[in-house]
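Visitor: I have a structure open and want to learn to read it. Where do we begin?

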Amino acid sequence: MHSTKLRRKVAPANGVLDNSADKQDQLLLSAAICNGEDLGSFIRKAFASGKPETLLHNLRQFARSKESEIEEVCKAHYQDFILAVDDLRSLLSDVDSLKSSLSDSNSKLQSVAGPLLTVLDSYIEAQTVSRNVNLALTLIVSCIKLMELCTRANHHLSSGNFYMALKCVDMMETEFLDKTPSSTLKRMLEKKIPEIRSHIERKVSKEFGDWLVEIRVVSRNLGQLAIGQASAARQREEDLRIKQRQAEEQSRLSLRDCVYALQEEDDDDGINGGIGEDVKDGYSSGSGLLGFDLTPVYRAYHIHQTLGLEDRFKQYYFENRKLQLTSDFQVSSMTPFLESHQTFFAQIAGFFIVEDRILRTGGGLISRMDVENLWETAVSKMCSVIEDHFSRMQTANHLLLIKDYVSLLGVTLRRYGYPVDPLLDVLSKHRDKYHELLLSDCRKQIAEALAADKFEQMLMKKEYEYSMNVLSFQIQTSDIVPAFPYVAPFSSTVPDCCRIVRSFIEDSVSFMSYGGQLDFFDVVKKYLDRLLSEVLDEALLKLINTSVHGVSQAMQVSANMAVMERACDFFVRHAAQLSGIPLRMAERARRQFPLNKARDAAEEMLCGLLKQKVDGFMTLIENVNWMADEPVQSGNEYVNEVIIYLETLVSTAQQILPVNVLKRVLQEVLSHISETIVGALFGDSVKRFNINAIMGIDVDIRLLESFADNLASLFSEGDVNQLKTALAESRQLTNLLLSNHPENFLNPVIRERSYNTLDYRKVMTISEKLRDPSDRLFGTFGSRGSRQNAKKKSLDALIKRLKDVN
């Protein structure tokens, strides 16, 4: 290539160019031969250019040059060569002698070593046999170990110890499969090892499938047991609170001779006790009283881990459990929810109790996030089911039963760390509906109780009846137990209504309790006030207006109302105790008597009937001799009849009516009598009367005042004075008519002090009737004529002044 480039650059004459090229090729060829390089390129180039003769010529030139060089070298070293040939010839003679010596030595050696070689051959053959035997023994021992391992694997398989069988199979595969000298054994192992693994996987998968079927029944029983134990624990707490309330009540009543010891029972964890932890096949299981056995799960998970299928089994487990939970959400439309709700919630509770155990002991079989996702799904579904069925329920007791069970479910699962606030929120949302249904039920019960009332005092023959109907509602007036048989001042309506109200309070508290709200007394109190003021008060009003027709009935209803006033105090205290707040706070929350409308109506009805009865006796006032010659000394007939009736009334009423009620009733009756007397003097039926008739009326009023004074043993002095004040109008009128200076009525100070109840129009009309000009009216005063004339003048002046004012 170099020569080519040179030719491209220089363009000499043709002859010169050919000679220089040949010389250059000759030089290159000589250098390549001297250096021992490959002459293939020169040969290819010569033939490619079509000038092989040049190459041959160059080779011959190179050979001739070398031959001359050889000749020169040979000439230079000829003497040395001659000397070397001589040395070689002497050496050849020495070699011949050595060869003959070696031949003799070899003959001797062959004769001596022949037997030794025979022995050596025997030794080598024996050594080879020994080595082969040792190798055979080693291979046999290896095969024996392999067979023993196969035997152990078969034994583990037959006994169900799959993990150890897999360990044996893994050892066979790693330590013996490639080193097994027997091709038969090797083929057998290559075929059976995958089959064994597949067999173990099928077996544990079948066991796990059977466990999935069995765990549904176990979960339901487990949930029922757990919720039952939560219910028992709650009942123990309630019993403890009842004992505490009893102790507080005894302390409040200062019964220091009674000592109460509140002993709290040991709360054994029955779930953990019933779900013991056994160890089987190296797995920790939860087998106990319920057969809560997790061994198949742990074994299947461990086996799949050993098989390298851990993730696949985790996914398989989660999907199957999720399908089971979805199946548990199905609520049968053929069975009322009230009958199936316990099974429904117990199934879900058991499911998550099992999942909690597997989460804590399953070695990562299921993650906490997966369990939380399942729980969120379950809570959402349970809330939906509760909302749906609560919206369609129309019975308060049904709502309460389901609410109690749901709250127990919440208590149970909260122990395992599950958040249950959404469930409690759903229950709280239906608080108003529950209480409306409860009020409706109580309205019906109260109506039935009132309809069955015979308006008769209740007879109690035994102490337990007294305790059940009186002491249990704290409506007794004395702490001393009466003698039996005991006639109570109230009718059977009172304890019946008290039981209804107490049941309402307990149901309300039961619904509000364990619902996430700690202080719910105000809510219970609000609905209690509604029950008393809207339901019971209205029912009593209806009873009073439609069914009370006699004095005895009205008196019994009034007596009942007085007892109900004490019962209402008990209701507030009872609600406070059940709500867990101090009684002093309940005292602050107490308001006015919620049955005041019914109480006022009952007293008004009783007073009205008594007034009607008294009016029957007051008609005898028509028999009074208004122009009597002498004043009546022992009272007129009508007042004697009225007093006899009032004394009979008091003797009867004081047995059942409280003193304050009886006082108010008598005050109304006496006021009505006073108004009737004044009305008779004011009315058209009395045209005129004389001073003797007024003196007779004065005697009548004194008898009535004496009747009031005779009640001093029953009433306080102030109450007696109030009863006498009820006769103020008739008393002040008679005092005015009998006064020597009637015109003092016109003096504002005297009038305010002595005649403040009198109407001046009535005074004017009645005074005119006393001003009759007949001789009979004023002709009998005899020696008192001058005094009477002064009185007559004063009376005339009063009448004139009153007419002027009018």
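Guide: Begin with burial. A residue is buried under 20% relative accessible area, exposed over 50%, and partly exposed in between, using a 1.4 Å probe and protein chains only. Take E705: its relative accessibility is 15%, so E705 counts as buried. This is a predicted model, where local features need pLDDT of at least 70, side-chain atom pairs count only at pLDDT 80 or more, and totals for chains, interfaces and linings use all residues. Residues are numbered from 1 along each chain as its sequence is written, and side-chain values use heavy atoms, with hydrogens and water left out.

Visitor: Where is E705 found, and what is E705 in contact with?

Guide: Helices are DSSP runs of H or I with at least four residues; strands are runs of E with at least two; both are numbered from the N terminus. E705 is in helix 24, residues 691–709. Contact means heavy atoms within 4.5 Å. Setting aside neighbours within four places in sequence, E705 contacts K724, L727 and R731.

Visitor: Is E641 buried or partly exposed?

Guide: E641 is partly exposed, at 30% relative accessible area. E641 belongs to helix 22, residues 637–653. Residues up to four places away aside, E641 touches F617 and L620. The C-alpha atoms of E641 and V614 are separated by 9.0 Å, and the two residues are 27 apart along the chain.

Visitor: How do I read the whole chain?

Guide: The protein chain has 30 helices and four strands. Of its 806 residues, 40% count as buried. Take the contacts between residues at least 6 apart in sequence: 76% of them join residues at least 24 apart. For surface, accessible areas come from the Shrake-Rupley method with a 1.4 Å probe, and for residues only the protein chains shown count as cover. The chain exposes about 44600 Å², with 52% supplied by carbon and sulfur atoms.

Visitor: What is a nonpolar core?

Guide: A nonpolar core is a set of buried Ala, Val, Leu, Ile, Met, Phe, Trp, Tyr and Cys residues, joined through side-chain atoms within 4.5 Å. The largest one here has 208 residues; W211, F345, F352, M382, F571, I673 and F689 touch the most other members. Helix 19, residues 551–579, gives this core its largest share, 17 residues. Look at I673: beyond four places in sequence, I673 touches V614, M618, V642, L646 and L704.

Visitor: How many aromatic pairs does a search of the whole structure find?

Guide: Rings of Phe, Tyr and Trp (its six-membered ring) pair if their centres lie within 6.5 Å; planes under 30 degrees apart are stacked, over 60 edge-to-face, the rest tilted. The search finds 18 aromatic pairs. One of them joins F344 and F345: the centres are 5.0 Å apart and the planes at 75°, so this pair is edge-to-face. F344 is buried at 6%, and F345 is buried at 0%. F208, W211, Y301, F313, Y316 and Y317 form one aromatic cluster.

Visitor: What sits over the ring of F511?

Guide: A charge sits over a ring if NZ of Lys or CZ of Arg is within 6 Å of the ring centre and within 35 degrees of the ring normal. Over F511 sits the charged end of K403, 5.8 Å from the ring centre.

Visitor: How many disulfides are there?

Guide: A disulfide is a pair of cysteine sulfur atoms within 2.5 Å. The whole structure has zero. For C497, the nearest cysteine sulfur is that of C498, 7.1 Å away. C497 is buried at 2% relative accessible area, and C498 is buried at 0%.
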